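Welcome! Let us walk through this structure together, one piece at a time.

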Amino acid sequence: MNMKMLAGLVGLLMLLAFLVPPALKLQKVALIVVILIGAAMAVYEFVETVRNKDE
């Protein structure tokens, strides 16, 4: 596992650890949808970055 992938996974886990507690506490549908969209965007960016072999 290279450094780019490891750093990306750590970043994704930290993002989810930051966003999940307010969603669980407030349980508002709109907030959960926004968090899911943001998490999906982060996962997509991670996949595209790892897939890119320019470096």
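Just after helix α1, Gln27 takes a positive phi of about 50°. Keep in mind as you look around that this is a predicted model.

Helix α1 covers residues 3-26, and at 1.5 Å a residue its 24 residues should span 34 Å; the C-alpha atoms at its ends are 36 Å apart, so the two values agree.

Let us visit α2 next, where you can find Ala39. Is Ala39 buried or exposed? Its relative accessible area is 13%, and buried means under 20%, so Ala39 counts as buried. From Ala39 to Leu9, 30 residues apart along the chain, the distance between C-alpha atoms is 12 Å.

Finally, take in the whole chain, which has two helices and zero strands. Its C-alpha trace spans about 40 × 15 × 10 Å along the principal axes. The radius of gyration is 13 Å, while a compact globule of 55 residues would have one near 10 Å. Buried residues make up 15% of the 55 residues. The chain exposes about 4700 Å², and carbon and sulfur atoms supply 74% of that area.

Definitions and conventions:
Residues numbered from 1 in each chain as written. Predicted model: local features only at pLDDT ≥ 70, side-chain atom pairs only at ≥ 80, totals over all residues. Heavy atoms only, no water. Helix = DSSP H or I, 4+ residues; strand = E, 2+ residues; numbered from the N terminus. Expected span 1.5 Å × (residues − 1). Buried < 20%, exposed > 50% of the residue type's maximum accessible area, 1.4 Å probe, protein only. Rg over C-alpha atoms; globule rule 2.2 N^0.38 Å. Areas by Shrake-Rupley, 256 points an atom, 1.4 Å probe, with all protein chains shown as cover.
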